[in-house]
Amino acid sequence: MELTIDAAVLLAVVIFVRARRKPLARSRSDAWLTVFLALAFGVLIAPTTFGQGVFNFVGQLAQGIAQSANP
C-alpha cells in the first residue's frame with residue numbers, strides 16, 4: 001500500500017493548526033510565516049476545480065458588495 005500526501009492538503013492542515021493558536025502568543029515573524037503558508041496554499045489550490053469555484057464565489061461576493069455600495 002502506498003500513501004501519498006497532497007501538498008495542498010498538508011498546507012491546509014498546517015494553516016488550520018497555526019490558526020487555532022492564540023493570537024497573543026504569536027510573534028511578527030510567526031504571523032508572516034502564516035501569511036506565506038496561506039499564500040502558498042492559494043497558489044496550490046487555484047488551478048483546481050474547487051479553487052476556481054472559490055474564486056468565482058469570492059468574485060461574485062465582491063461584485064455584489066461593490067454594487068451595493070454605489071447608490
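Trainee: Leaving aside its neighbours within four places in sequence, which residues is Asp 30 in contact with?
Mentor: Asp 30 is in contact with Arg 18 and Arg 21. Contact means heavy atoms within 4.5 Å. Bear in mind that this is a predicted model, where local features need pLDDT of at least 70 and side-chain atom pairs count only at pLDDT 80 or more, while totals for chains, interfaces and linings use all residues. Residues are numbered from 1 along each chain as its sequence is written, and side-chain values use heavy atoms, with hydrogens and water left out.

Trainee: How do the side chains of Asp 30 and Arg 18 meet?
Mentor: They meet in a salt bridge, at 2.0 Å from N to O. The term means a side-chain nitrogen of Lys or Arg within 4 Å of a carboxyl oxygen of Asp or Glu.

Trainee: And what does the pair tie together?
Mentor: Asp 30 lies in helix H2 and Arg 18 in helix H1, so the pair ties together parts that are twelve residues apart in sequence. Helices here are DSSP runs of H or I with at least four residues, strands are runs of E with at least two, and both are numbered from the N terminus.

Trainee: How many salt bridges are there by this rule?
Mentor: The count comes to one.

Trainee: Is Asp 30 buried or exposed?
Mentor: Asp 30 is buried, with a relative accessible area of 12%. Arg 18 counts as buried too, at 14%. Buried means under 20% relative accessible area, exposed over 50%, and partly exposed in between, using a 1.4 Å probe and protein chains only.

Trainee: Which residues are buried in H1?
Mentor: Ala 8, Leu 11, Ile 15 and Arg 18. Seen down the axis of H1, its buried residues fall within an arc of 90°, so they line one face of the helix. The arc is taken from the directions from the helix axis to the C-beta atoms.

Trainee: What covers them?
Mentor: The cover includes helix H2, residues 28-45.

Trainee: Changing topic, what is the secondary structure of the chain?
Mentor: Three helices and zero strands. From the N terminus on, the elements run α-α-α.

Trainee: How much of the chain counts as buried?
Mentor: Of its 71 residues, 13%. The chain exposes about 6,200 Å², and carbon and sulfur atoms supply 70% of that. Accessible areas come from the Shrake-Rupley method with a 1.4 Å probe; for residues, only the protein chains shown count as cover.
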